[in-house]
Amino acid sequence: MSKKTEKKEEAAAPKAEAKPVKAEKPKAEKKHKEEKGAHALYKIEGDKATRLRPTCERCGTGYFMADHHDRYTCGHCGFTRYKHA
Ligand SMILES: [Zn+2]
């Protein structure tokens, strides 16, 4: 008769003990970091709004450039303008 086939598929991977689907993380306190948003790009002086960032000269007004330590870059077109020392 047929040999007794050894059971090969014997729980190939040992089952890890059931992990809770989501480990409860301690809720990180919301840090009140510099909030970024349109309001961060303007400074209201009296009844005037001054732009705090340069606008992209390629994209035109409305496209602010990111302020890096040595340069400004446009996230829209990638234009980079180096700051003058
Ligand atoms: Zn641009």
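**View 1. The protein chain holds 1 helix and 6 strands.** Helices (H or I, at least four residues) and strands (E, at least two) are DSSP runs, numbered from the N terminus. Along the sequence, the pattern reads α-β-β-β-β-β-β. This is a predicted model: local features need pLDDT of at least 70, side-chain atom pairs count only at pLDDT 80 or more, and totals for chains, interfaces and linings use all residues. Residues are numbered from 1 along each chain as its sequence is written.

View 2. The protein chain has 85 residues, and 4% of them count as buried. A residue is buried if 20 or more other C-beta atoms lie within 10 Å of its own, exposed if 12 or fewer, and partly exposed in between; C-beta atoms are placed from the backbone. Now take contacts between residues at least 6 apart in sequence: 0% of these join residues at least 24 apart. Two residues are in contact if their C-beta atoms, placed from the backbone, lie within 7 Å.

**View 3. Strands E1 and E2 form a hairpin.** E1 covers residues 42–45, and E2 covers residues 48–51. The two strands run antiparallel and are joined by 4 bridges. Two strands pair if DSSP finds at least two bridges between them. Ile44 stands opposite Ala49 in E2. Between the strands lie 2 residues. Gly46 sits in the turn, with a positive phi of about 65°.

**View 4. Four strands make an open sheet in the order E3-E4-E5-E6.** The pairing is antiparallel. Strand E3 (55–56) and strand E6 (80–82) are the edge strands, and each pairs on one side only. Strands of a sheet pair through backbone hydrogen bonds, either parallel or antiparallel.

**View 5. Strand E5 pairs with E6.** E5 spans residues 71–74. Its pairing with E6 is antiparallel, over 3 bridges. Look for Thr73: this residue stands opposite Thr80 in E6.

**View 6. Tyr72 lies in strand E5.** Is Tyr72 buried or exposed, or in between? Tyr72 is partly exposed, because 18 other C-beta atoms lie within 10 Å. Leaving out residues up to four places away in sequence, Tyr72 touches Pro54, Met65, Ala66, Asp67, Arg81 and Lys83. Tyr72 and Lys83 are 11 residues apart along the chain, and 7.1 Å separates their C-alpha atoms.
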